[in-house]
Amino acid sequence: MKVSIHTLLRKQLTGEISSDEKQYLQEWMANHPEAKAEYEKLLDNTSLSERYTQYAQVDAEKGWERLQEKITTSNAKIPKKRTLLYRVAAVAIVFIIGGAFWYHRDYTLVTPPEITEQVKIAMQQSQESGWQGGEVISSKATNKPIITQKEQERYHVDEHFAEQLAEAKRVTTYHDKEYWITLDDGTLVHLNYNSRLIYPERFGDRRDVILEGEAYFMVAKDKSRQFVVHTPQGEVKVYGTEFVVNTASDSLSTTSVTLVKGSISFTTHDGKETMMVPNQQLSANNNILSAISVDTAPLTAWNEGKFLFQAWSLERVMNVLSRWYNIKVEFGSDHLRKYQLDGYFSRYDGFDSILESIEAVLNVKIEKSNNTILITEHTSNI
């Protein structure tokens with residue numbers, strides 16, 4: 001059926017819906033319980049419903065015609081001044097109720113995040129090159145709780161969130177893999193290696209997830225439902241934006257949040273909330289917060305399947321690469337660790353091509369043996 005849902009809702013409210021359209025709308029409502037609940041809320045006010053049915057086709061002329069006919073039929077002797085007043089009231093009712101309906105529709109509208117072409121290519125390359133992998137556990141399949149009582153306490157899971165987790169999934173990435181997840185509302189989550197995400201299979205009137213490790217979030221915009229990421233150190237609260245959360249520290253004692261764009265806040269477990277601005281990174285440790293300005297380019301590059309190193313030490317670069325490719329790195333001398341590197345590499349082209357580029361740029365020698373590489377000074381054979 002080509003008629004939009006919004007048109008069918010208007011026809012339903014005004015009593016102009018056909019039997020086929022009504023059946024289609026009922027089937028759509030059955031598959032979208034949240035939308036059905038919001039629609040029923042709109043009709044809770046009986047007076048509003050009745051007036052909308054009589055006048056509100058967001059068409060002032062038709063609204064007036066209907067009201068005029070009703071007035072004429074019920075009382076033909078109403079003074080002209082009062083009739084004029086009714087005319088003005090009719091037009092006002094049409095716009096007020098019609099406006100309220102469209103505002104309500106806009107307020108409950110869910111807008112999926114905009115996925116760039118670079119991110120789409122990265123997702124495809126990750127899948128095709130075998131870098132996407134993880135363990136997915138569903139509470140439906142196992143018929144067991146997806147989260148323990150101890151974990152609920154750690155992440156401050158209240159009763160309402162616990163109810164949603166009755167039907168949930170847990171995705172855990174391997175030490176050398178990543179994983180892309182599209183949530184029920186259209187939010188896209190990019191899990192880095194050694195990370196875990198717990199989320200309800202269907203969101204209710206809230207959107208809560210739990211994260212351990214690192215993930216890039218591209219959140220669907222929804223003005224009526226806040227999106228919350230629960231971490232060991234507090235909660236990230238957002239309505240629609242892009243940000244990175246990283247809890248990958250010893251004993252999960254530190255959580256860092258980096259805002260790429262939009263507006264979010266971080267709330268510690270003692271209730272202290274801090275607003276963040278783009279290009280800001282906040283660290284939380286035992287309810288103590290600190291914030292710095294950062295360049296988010298390396299983070300967006302990571303989300304697009306790239307490594308971006310800007311004046312990084314060779315040691316720092318190799319720490320990242322060794323975790324991603326599961327390789328042990330050794331240096332022939334300590335001063336090699338301090339070599340500076342600027343580079344932009346694809347995560348999916350293979351480790352050997354990156355090593356060749358590093359050798360050429362820094363004029364070092366890199367030898368690979370089994371699962372270990374050795375970096376030494378490059379000596380010329382003269």
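In helix H12, the buried residues are Leu314, Val317, Met318, Val320, Leu321, Ser322, Trp324 and Tyr325; buried means under 20% relative accessible area, exposed over 50%, and partly exposed in between (1.4 Å probe, protein chains only). The model is predicted: local features need pLDDT of at least 70 and side-chain atom pairs count only at pLDDT 80 or more, while totals for chains, interfaces and linings use all residues. Residues are numbered from 1 along each chain as its sequence is written, and side-chain values use heavy atoms, with hydrogens and water left out.

**The protein as a whole**

- The protein contains 13 helices and 22 strands; helices (H or I, at least four residues) and strands (E, at least two) are DSSP runs, numbered from the N terminus.
- Of its 382 residues, 41% count as buried.
- Among contacts (heavy atoms within 4.5 Å) between residues at least 6 apart in sequence, 55% join residues at least 24 apart.
- The protein exposes about 20,500 Å², of which carbon and sulfur atoms supply 49%; accessible areas come from the Shrake-Rupley method with a 1.4 Å probe, and for residues only the protein chains shown count as cover.

**Helix H12**

- H12 covers residues 314-325, twelve in number, and its first and last C-alpha atoms are 16 Å apart, close to the 16 Å expected at 1.5 Å a residue. The expected span is 1.5 Å times one less than the number of residues in the helix.
- The partners of the buried residues of H12 are strand S18 (306-313), strand S19 (328-331), strand S20 (340-346), helix H13 (351-362) and strand S22 (372-377).
- Asn326 follows H12 and has a positive phi, near 55°.

**The seven-stranded sheet**

- Strands of a sheet pair through backbone hydrogen bonds, either parallel or antiparallel.
- Seven strands form an open sheet with antiparallel pairing, in the order S4-S5-S8-S12-S13-S16-S17. Two strands pair if DSSP finds at least two bridges between them.
- Strand S4 (179-182) and strand S17 (288-293) are the edge strands, each pairing on one side only.
- On average, neighbouring strands of this sheet are turned by 15° against each other, direction ignored.
- Five bridges join strand S12 (residues 242-246) to S13 in the antiparallel sense, and Glu242 stands opposite Lys261 in S13.
- Helix H7 (residues 117-128) packs on the sheet, where it touches S4 and strand S5 (188-191), and its direction makes about 120° with that of S4. Axes are lines fitted to C-alpha atoms, for helices over the stretch in contact, and angles run from 0 to 180 degrees between N-to-C directions.

- Ser256 belongs to strand S13 (residues 255-261) and is buried, with a relative accessible area of 17%.
- Not counting residues up to four places away in sequence, Ser256 touches Val244, Val245, Asn246, Leu282 and Ser283.
- Ile292 is located in strand S17. Its C-alpha atom is separated by 5.8 Å from that of Gln280, twelve residues apart along the chain.
- With neighbours within four places in sequence left aside, Ile292 is in contact with Asn279, Gln280 and Gln281.

**Salt bridges**

- Side chains of opposite charge can pair when their charged atoms come close.
- The structure holds 17 salt bridges; in each, a side-chain nitrogen of Lys or Arg is within 4 Å of a carboxyl oxygen of Asp or Glu.
- Glu167 is partly exposed, with a relative accessible area of 44%, whereas Lys140 is exposed, at 53%.
- Glu151 and Arg170 form a salt bridge whose closest N and O atoms are 3.6 Å apart. Glu151 in helix H9 (residues 149-154) and Arg170 in strand S3 are 19 residues apart, and both residues are buried.
- In the salt bridge between Asp352 and Lys368, the closest N and O atoms are 3.4 Å apart. Asp352 lies in helix H13 and Lys368 in strand S21 (residues 364-369), so the pair ties together parts that are 16 residues apart in sequence.
- Asp352 is partly exposed, with a relative accessible area of 44%, and Lys368 also counts as partly exposed, at 46%.
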